[in-house]
Amino acid sequence: MEDLPAAVLTHAASGSALQRHGPTIQCEYDGLGRQVNEFVRVVHGALAWSVSLSWQPLHLGGHRRWLLCPECQGRRQALYVDGTRLACRKCLKLRYFVQHENERTGLIKRIVKLRRRLGWSLGPLDPIGGRPRYMRHAVFAMRCAEIEVLTDKLVGAVSDWARRAHRALDHRRGPMGAEPANLGILRCAEGAGINEYSEDEDEL
């Protein structure tokens, strides 16, 4: 989803959008700052769409504007351009990048995020550090317990992956123990190191 141009309603301004990249949202206002039309114009290169708006009253007064998806008519804050289509994330069946990550990558990112907050080294299996200055003892204990739980899950996930890789390796070798040529990925299971943090979801 992050790779497609997005038209976000909060970027709309009088005459043109504040957004520098991707589609622009054009709308018209009167002298009092009130929007004139019940629709906006979304422009992306040579393509243009007229998109209707929906106005939702708020409890404390005022209103919130929503874009109506041209395909499902659902209220949306952002619409995406896919070829010649302008639609919402559900209509285009888009997914967030994090939804494609495996369990190990997600655990590593969560551990690194917590360790960065504490000012520790970022290796998921590095030794624990000290309590940051001005951090309450209760908060520090809670963060340490969370890191410990996530680390245990990470070790379990890597161990399970290594066992499955070994089984696949034994299966591919066959009864005679002959090794096929292309076993680079499976060989790394024997020496998988998870103590070095990497942004690549395939690296541990």
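This is a predicted model: local features need pLDDT of at least 70, side-chain atom pairs count only at pLDDT 80 or more; totals for chains, interfaces and linings use all residues.

**The whole chain**

Begin with everything selected and coloured by secondary structure. The protein has three helices and nine strands. Read along the sequence, the pattern is β-β-β-β-β-β-β-β-β-α-α-α. Of the 204 residues, 34% count as buried. Consider next the contacts between residues at least 6 apart in sequence: 37% of these join residues at least 24 apart.

**The sheet of β1, β8 and β9**

Select residues 6-8, which form β1, together with residues 78-82, which form β8, and residues 85-87, which form β9. In what order do the three strands of this open sheet stand? The order is β1-β8-β9, and the pairing is antiparallel. β1 and β9 stand at the edges; each has a single partner strand, so one side of each is left without a neighbour in the sheet. From one strand to the next, the twist averages 20°.

Now keep β8 and β9 in view. These two strands pair in the antiparallel sense over three bridges. Select V81, and opposite this residue you will find L86 in β9. As you turn the view, recall a general point: in a regular strand the side chains alternate between the two faces of the sheet.

Move to residues 24-27, strand β3, and residues 39-44, strand β4. They pair in the antiparallel sense over three bridges. Select T24 to see V43 of β4 standing opposite.

H44 stands opposite L47 in β5. The two strands form a hairpin with two residues between them. In the turn, select G45, which has a positive phi of about 65°.

Is S54 buried or exposed? At 12% relative accessibility, S54 counts as buried, because the cut-off for buried is under 20%. Display the side chain of S54 with that of R75: a polar contact of 3.1 Å joins the two. Leaving aside neighbours within four places in sequence, S54 is in contact with R64, R65, W66, L68 and R75.

**Two residues with positive phi**

Most residues other than glycine have a negative phi, and most peptide bonds are trans. With that in mind, select K93, in the loop between β9 and α1. The phi of K93 is near 55°, a positive value in a residue other than glycine. At 73% relative accessibility, K93 counts as exposed.

Next select Y134, in the loop between α1 and α2. Y134 has a phi near 75°, again a positive value in a residue other than glycine. With 70% relative accessibility, Y134 counts as exposed.

**An aromatic pair**

A pair of aromatic rings is described by the distance of the centres and the angle of the planes. How many aromatic pairs does the count come to? The count comes to one aromatic pair. Select W120 and F140: the ring centres are 6.1 Å apart and the planes stand at 80°, so the pair is edge-to-face. An angle over 60 degrees is what the term edge-to-face requires. This pair links distant parts of the chain, for W120 lies in the loop between α1 (103-118) and α2 (137-173), whereas F140 lies in helix α2, 20 residues apart. W120 is buried, with a relative accessible area of 9%. F140 is buried as well, with a relative accessible area of 16%.

**A141 in helix α2**

For the last stop, select A141, which is placed in helix α2. A141 is partly exposed, with a relative accessible area of 44%. Finally, draw a distance from the C-alpha atom of A141 to that of R131. These residues are ten apart along the chain, and their C-alpha atoms are separated by 8.9 Å.

Key: Residues are numbered from 1 along each chain as its sequence is written. Side-chain values use heavy atoms; hydrogens and water are left out. Rings of Phe, Tyr and Trp (its six-membered ring) pair if their centres lie within 6.5 Å; planes under 30 degrees apart count as stacked, over 60 as edge-to-face and the rest as tilted. Helices (H or I, at least four residues) and strands (E, at least two) are DSSP runs, numbered from the N terminus. Buried means under 20% relative accessible area, exposed over 50%, partly exposed in between (1.4 Å probe, protein chains only). A polar contact is a pair of N or O atoms within 3.5 Å; within protein, one must be able to donate a hydrogen and the other to accept it, and residues adjacent in sequence count only if both atoms are side-chain atoms. Contact means heavy atoms within 4.5 Å. Two strands pair if DSSP finds at least two bridges between them. Axes are lines fitted to C-alpha atoms, for helices over the stretch in contact, and angles run from 0 to 180 degrees between N-to-C directions.
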